[in-house]
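Please look through the model below with these notes beside you. They take up a helix first, then a pair of helices.

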Amino acid sequence: GIKSLEAAFNMALWDWWSQVKQVPLFKILKNNNDNLPLTSYTISIGDLSEIGEKLDHANSCSILKVKLGTPNLDKLIIEEIRNHTDKLIRVDANEGWDLETAVDMSKWLYNQNVEFIEQPFPANQIEKTVQLKKISPLDIFADENSIRSKDIPIIKDAFDGINIKLMKCGSIEEAQKMIALAKRFDLKIMLGCMVETSIGITAAAHLSSEVDYVDLDGNLLISNDPYEGVKIKNGHLCISEKNGLGVELISKKRNLL
């Protein structure tokens, strides 16, 4: 939509400005490039028989982000993953639960090495999130409920944390505003993404030293990414020290070799 177009223009401006200043973007933003968070790798909803293969693709990451929200299958998906690995899991319920399911799942998932649950209910059912937060042994994170900074004061008592996506909030400045507000309200912060190229993922990575959790794997989920940017090293994000975003067109890089 229009927000992803705004984000693209905004990233281009920040890339240009930090190249003019001859520094990496994270320095312009007064962030750092040391000990960046571990990123998770998304395991999407699909056939149970495909889970082993999907987990093979997640080798570079030590945390899994598992898409749930299909109540009859949710426990089976987690059990199948546990047949293969004991890696830490973050659950995204994708607005797919009712309150009874959410209470049951939060207690069950607590014993499955799960870190938190994202967006258990549709965004217009915030009163259910308030109820769940009081009962759940796991933290509850907002996704569809935290699109931009003005959403945060409304949801601050319903969630333990928020997810920030550049493609939804529209700019690095708006993401910074969301980070500042979340910290003011003592909310935990995760940087998320859509399925996208290394440009958007790398731009978001320049904010990652300011947040608690990172789910920046959108470029790993496509096979035709024309760019090269942020890398994953031992599960952690690793940003280049090059000026600007630190993103290169792969074909251009090949021509230089």
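1. Start with the outward side of helix 1. I2, L5, F9 and W16 are exposed there, meaning over 50% relative accessible area (1.4 Å probe, protein chains only). This is a predicted model, where local features need pLDDT of at least 70, side-chain atom pairs count only at pLDDT 80 or more, and totals for chains, interfaces and linings use all residues. Residues are numbered from 1 along each chain as its sequence is written, and side-chain values use heavy atoms, leaving out hydrogens and water.

2. Now turn to the other side. A7, N10, M11, W14 and S18 are the buried residues of helix 1, with buried meaning under 20% relative accessible area. They lie on the same side of helix 1 because they cover an arc of only 105 degrees around the axis. The arc is taken from the directions from the helix axis to the C-beta atoms. An α-helix has 3.6 residues a turn, so residues three or four places apart point the same way.

3. What covers those buried residues? The cover includes helix 2 (25-28), helix 8 (166-169), helix 9 (172-184) and helix 10 (198-205).

4. After helix 1 comes Q22, with a positive phi near 60 degrees.

5. Next, a pair. Helix 4 (residues 74-84) packs against helix 5 (residues 99-109) at about 15 degrees, and their axes are 11 Å apart. Helix 4 is therefore roughly parallel to helix 5, a label for angles under 35 degrees. D74, K75, I78 and E79 of helix 4 make the contact with D104, M105, W108 and L109 of helix 5; contact means heavy atoms within 4.5 Å.

How values were computed: Helices (H or I, at least four residues) and strands (E, at least two) are DSSP runs, numbered from the N terminus. Axes are lines fitted to C-alpha atoms, for helices over the stretch in contact, and angles run from 0 to 180 degrees between N-to-C directions. Angles under 35 degrees count as roughly parallel, over 145 as roughly antiparallel, 65 to 115 as roughly perpendicular and the rest as oblique.
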